[in-house]
Amino acid sequence: MLSGLSLAVFLFLATSSALTTGQPCLCSALPPAGLQVNCSTLNLIELPHLPSDTTELHLQDNRLTSVSPGLFDRLVGLKKVSLSGNPFHCDCRIRYLRNWLLKNRAIVSKEPTCASPSSVAHKAIAELRDDYFSSCARARCTDGTYNTTMGVMLCCIIVLLLWSLRLAKTSTFTLCLDERHSGFEADSLRSLKPKHRRRLHTALSEVSPDSDSVTCTEDLEKPITNMELLPQVLDVLHKKHNIKIKAT
C-alpha cells in the first residue's frame, strides 16, 4: 500500500510521463524513507519531473539521447540508477551526464554507452576523455567572443555614421577672396570639356601666321559664362550647400 505522499508522487509522475508516452512511471515506497521510481521500457524520449526523495531510479530501455544538465543534482538521496539500453548521442550535450557518472559510478548498476556518433559507438559514456569535449568549449568561447566583438564594432560604425551626418549638416564652409581678386574671371564657369579643348587647339592650328591670330585667340579664350551669373552661383552655394564666400 502506497503512503499518501507516494500516491501523490505517483499521480504526478503518471501525468508527466503520459504526456510523452501515454504510460505512467511506477512508484513504490522503500523503507525507511525512500522512493523507487521505475520508468523503464516506456519508450521515453525525455525524462519526467522526478521527486527529490527518489532513492532508486530505473530508466533503462527507453529512447533517451541525453540528460538535461542539472537533472540529477537535486536527487541527493539517490542510491541506485539504471540508464542502460538508451541510444545516447554523445555530443556536447552528453557532457553533463558523463561528469555525473564519473562522480557517481558506485550507484550506477550498468554503465550506459554511446549509440552515436560512429566514432564512439558502444563506448561507455564515463570513458569519454576531456579532450573529446575540448571542441565544445572552444566553439562556445569563440562564438561568444566573435558575436560580442562584431556587435561592438557595428555599434561604433553606426555611431560614427550618425555623427558624420550631423556634422555635415551643421558645418559651414567660408571661402575668402582678397580685394585684389574681386574682378577676376571665373575660369571654372567656362566649359573645359575635352571636346571644347580639342576645338580650341584645332582652330589655333588652322590660323596662318600672317592672319589676325590674336583676334581669334581672344575670341576663343573669351569666357562662355558671363560674370554677372557669379552672384547667383554664390547664392545657390550658400543656400543649398551652406558654403559662404566673402571678400576680405
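Is Thr41 buried or exposed? Select this residue to begin the tour of what is a predicted model. Thr41 has a relative accessibility of 54% and therefore counts as exposed, the cut-off being over 50%.

**The loop between β2 and β3**

Thr41 is placed in the loop between β2 and β3. Its phi is near 55°, a positive value in a residue other than glycine. Next, select Asn43, which is found in the loop between β2 and β3. Phi of Asn43 is likewise positive, near 60°, and Asn43 is not a glycine. With 43% relative accessibility, Asn43 counts as partly exposed.

**Two cis peptide bonds**

Pro32 belongs to the loop between β1 (26-30) and β2 (34-38). Then select Ser116 and Pro117: the peptide bond from Ser116 to Pro117 is cis, and its omega is near -5°. Pro117 lies in the loop between β6 and α3 (134-170).

**The aromatic pairs**

How many aromatic pairs does a search of the whole structure find? The search finds two. For the pair to display now, select Phe72 and Trp100: the ring centres are 4.7 Å apart and the planes stand at 50°, so the pair is tilted. This pair links distant parts of the chain, as Phe72 lies in the loop between β3 (54-58) and β4 (80-82), whereas Trp100 is in helix α2, 28 residues apart. Phe72 is buried, at 2% relative accessibility, and Trp100 is buried as well, at 7%.

The other stop of this kind is Tyr132 with Phe133, where the ring centres are 5.2 Å apart and the planes are at 90°, so the pair is edge-to-face. Tyr132 is partly exposed, with a relative accessible area of 26%, while Phe133 is buried, with a relative accessible area of 1%.

Finally, select Ile107, in the loop between α2 (95-103) and β6 (114-116). Why does Ile107 count as buried? Its relative accessibility is 19%, and the cut-off for buried is under 20%. Show the neighbours of Ile107: leaving aside residues up to four places away in sequence, Ile107 touches Leu78, Lys79, Lys80, Val81 and Trp100. Trp100 is also a member of the tilted pair with Phe72. To end the tour, select Glu56 together with Ile107; the two are 51 residues apart in sequence, and their C-alpha atoms are 9.3 Å apart in space.

Note on methods. Residues numbered from 1 in each chain as written. Predicted model: local features only at pLDDT ≥ 70, side-chain atom pairs only at ≥ 80, totals over all residues. Heavy atoms only, no water. Helix = DSSP H or I, 4+ residues; strand = E, 2+ residues; numbered from the N terminus. Buried < 20%, exposed > 50% of the residue type's maximum accessible area, 1.4 Å probe, protein only. Contact = heavy atoms within 4.5 Å. Phe/Tyr/Trp six-rings, centres within 6.5 Å; stacked < 30°, edge-to-face > 60°.
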